[in-house]
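Hi,

Here is the structure I promised to pass on. Could you have a look at it, and then read my notes below?

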Amino acid sequence: NLPLLVENNPIVAIECLLRLLSPSPFEEHYEDGGDKDGINTFLATETECNEYLSALVSMDMSIHSMEVVNRLATYSVPEQSPPPQQRQQSKGKSNIKNHQQSLQQQLQKQNEQQQQQPLLHPEYVRHFILNCISSCENIQNQYTQNRLVRLVCVFLQSLIRNKILDVQVSNMHLSHTSRRY
């Protein structure tokens, strides 16, 4: 149960979600979830990823849920591209070394050229922010409400500082909310 994991151990939740959501285009995966080295790589399908992320951004707001969302939002992955083409060469030792060097150079060039994309889609971040604002609005105790509002402000500052939240796009909704507090 993801909300329980987030609340009881956010660091483990972050690592689990990173492992589930991060693409690994250069590894050969088998149907049982393992790879050729016998290491389990538990990659989730797109539907499962959406379910995990929807559960995460819809859960009750807490410092732990904000920490997990913030860490996932700041994590970027390279856009997926196919692995470098492997050419058939003779099995001589010098050809193998040349082939390995060529593959390493191709990978290095691809890594330099790859653009980074956020692991957590901006729409999930927006949904989570709206959920946080709604949680603040629904708190009746003034002291608790003020604490949560300050916590959300720190969370928003982190998103803005890391250029995850575009202030121009979010300005209208945030300014309306901030005037209340």
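Lys163 sits in the loop that joins helix 7 to helix 8 (167-180); helices here are DSSP runs of H or I with at least four residues, numbered from the N terminus. Its phi is near 60°, a positive value in a residue other than glycine. Lys163 has a relative accessible area of 75% and is exposed (buried is under 20% relative accessible area, exposed over 50% and partly exposed in between, with a 1.4 Å probe and protein chains only).

A word on the basis: this is a predicted model, in which local features need pLDDT of at least 70 and side-chain atom pairs count only at pLDDT 80 or more, while totals for chains, interfaces and linings use all residues. Residues are numbered from 1 along each chain as its sequence is written, and side-chain values use heavy atoms, with hydrogens and water left out.

Next, helix 3 (residues 46-58). Cys49, Leu53, Leu56 and Val57 are buried in helix 3. They cover an arc of only 90° around the axis, so they are on the same side of helix 3 (the arc is that of the directions from the helix axis to the C-beta atoms). The face turned away from that buried side carries the exposed residues Thr47 and Glu51. The buried residues pack against helix 1 (2-8), helix 2 (10-21), helix 4 and helix 6 (122-138).

Phe128 belongs to helix 6 and is buried, at 0% relative accessibility. Its C-alpha atom is separated by 6.7 Å from that of Ser58, 70 residues apart along the chain. Neighbours within four places in sequence aside, Phe128 is in contact (heavy atoms within 4.5 Å) with Leu56, Val57, Ser65, Met66, Val69 and Phe155.

How do helix 4 and helix 7 cross? The axes of helix 4 (residues 63-74) and helix 7 (residues 142-161) come within 11 Å and cross at roughly 5° (axes are lines fitted to C-alpha atoms over the stretch in contact, with angles from 0 to 180 degrees between N-to-C directions). That makes the two helices roughly parallel, a term for angles under 35 degrees. Helix 4 contributes Ile63, Met66, Val69, Asn70 and Ala73, and helix 7 contributes Leu151, Val152, Phe155, Ser158 and Leu159.

Best wishes

Conventions:
Parallel < 35°, antiparallel > 145°, perpendicular 65-115°, else oblique.
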